[in-house]
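Good morning, and thank you for the time on today's agenda.

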Amino acid sequence: MMEALIEFRNVSKYYTMGDTVVKAADDISFKIYKGEFVAIVGQSGSGKSTCMNIIGCLDVPTSGVYLLNGRNVGEMNKNELSEIRNAMVGFIFQQYNLLPRFNILENVEIPLMYAGVSKSERRRRAREALENVGLGSKTKNLPNQLSGGQQQRVSIARALVGKPSLILADEPTGALDSKTGVEVMALFQNLHKAGHTIVLITHNNEIAADAQRIIRLEDGRVVYDGPASGDTASHNVFSSGRRKADESAGIL
Ligand code: ADP
Ligand code: MG
């Protein structure tokens, strides 16, 4: 049987604030397989960042088990966590976190420097990653010479360049206008088609409806896990989102 890339087994994360205990993640179980495109959705405070930090090996559960590619992350020390994170996870954040004084080719090379890849190989792979996100002609530009959507595409290239097993994106369209957000989501669709495993964290139902599967959180618990089309909480916006896409494609 195929092994899950990500498995949460009764994962909980508790924070103690004086006398009260906040259950930021409360007995969460799910499996995500290689090649899936999953959105973890919920309102502010529902536990999305808590799950993202655990999935991305930035934090460990209070109880329960997190397996990444069959390895128990909860038992790892800080060094092991950063090793597995660098090897397996490509992060994309709302803020692009590009280095302003370096051109975009150099920005995309940075993860490969940490990985000890030779200079010529770094150049070649960074150029290829930028071509894959449609920025092959902009390699010499500084980040501030690009639009917000283009800068986000650079950060996606930077996440991809190390060939991670998992792309983990936290509100990747949060800083973009809706048209540019749609373009960035189209890029995620392409990455999914090319076989990448994507976990997208968002509070935005319309964005989430672009994923294949939705895991919906409320108060640290999973309240829905299934196909995007079956998630009643986002179903209405799903149809309006489709409608908008069809309109802009000139279908309606
Ligand atoms: P989301 O990302 O969906 O907005 P979070 O995972 O950030 O939700 O937070 C879930 C809950 O856990 C919230 O009630 C939040 O206040 C609480 N929480 C998150 N991080 C901490 C922390 N470091 N200390 C105390 N409470 C926290
Ligand atoms: Mg959050």
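**Helix α3 and its surroundings**

In this predicted model, the axes of α3 and α5 approach within 7 Å and cross at roughly 30°. The crossing of α3 past α5 is right-handed. On the α3 side the contact involves Ile104, Asn107, Val108 and Pro111, which meet Val154, Ala157 and Arg158 of α5.

Let me now turn to α3 itself. Which residues in α3 are buried? They are Ile104, Leu105, Asn107, Val108, Glu109, Ile110 and Leu112. The cover over the buried residues of α3 includes α4 as well as α5.

At its start, a side-chain oxygen of asparagine 103 comes to within 3.0 Å of the backbone nitrogen of leucine 105. Just after α3, glycine 116 adopts a positive phi of about 75°.

In soluble globular proteins, nonpolar side chains tend to be buried together. Here, the largest nonpolar core has 39 residues, and those touching the most other members are Val108, Leu130, Val154, Ile156 and Phe188. At least two residues of this core come from each of β3 (37-41), α3 (104-114), α4 (119-132), α5 (148-160), β7 (166-170), α6 (178-193), β8 (198-202) and α7 (205-208). Apart from this core lies another, of 30 residues, including Ile6, Phe30, Leu168 and Ile201.

What is valine 108 in contact with, leaving aside its neighbours within four places in sequence? The partners are Ala126, Ala129, Leu130, Val154, Ala157, Arg158 and Val161.

Asparagine 97 is not a glycine, and yet has a positive phi of about 55°. This asparagine 97 is placed in the loop between β6 (89-92) and α3. Is asparagine 97 buried, partly exposed or exposed? Its relative accessibility is 46%, so asparagine 97 counts as partly exposed.

Lysine 163, likewise a residue other than glycine, has a positive phi near 50°. Its place is in the loop between α5 and β7. Lysine 163 counts as exposed because its relative accessibility is 58%, and the cut-off for that class is over 50%.

That concludes my remarks, and I welcome discussion.

Note on methods. Residues are numbered from 1 along each chain as its sequence is written. Chains are lettered from A and ligands numbered from 1 in the order in which they are written. This is a predicted model: local features need pLDDT of at least 70, side-chain atom pairs count only at pLDDT 80 or more; totals for chains, interfaces and linings use all residues. Side-chain values use heavy atoms; hydrogens and water are left out. A nonpolar core is a set of buried Ala, Val, Leu, Ile, Met, Phe, Trp, Tyr and Cys residues joined through side-chain atoms within 4.5 Å. Buried means under 20% relative accessible area, exposed over 50%, partly exposed in between (1.4 Å probe, protein chains only). Helices (H or I, at least four residues) and strands (E, at least two) are DSSP runs, numbered from the N terminus. Contact means heavy atoms within 4.5 Å. A polar contact is a pair of N or O atoms within 3.5 Å; within protein, one must be able to donate a hydrogen and the other to accept it, and residues adjacent in sequence count only if both atoms are side-chain atoms. Axes are lines fitted to C-alpha atoms, for helices over the stretch in contact, and angles run from 0 to 180 degrees between N-to-C directions. A crossing is left-handed if the near helix is turned anticlockwise from the far one by less than a right angle, and right-handed if clockwise.
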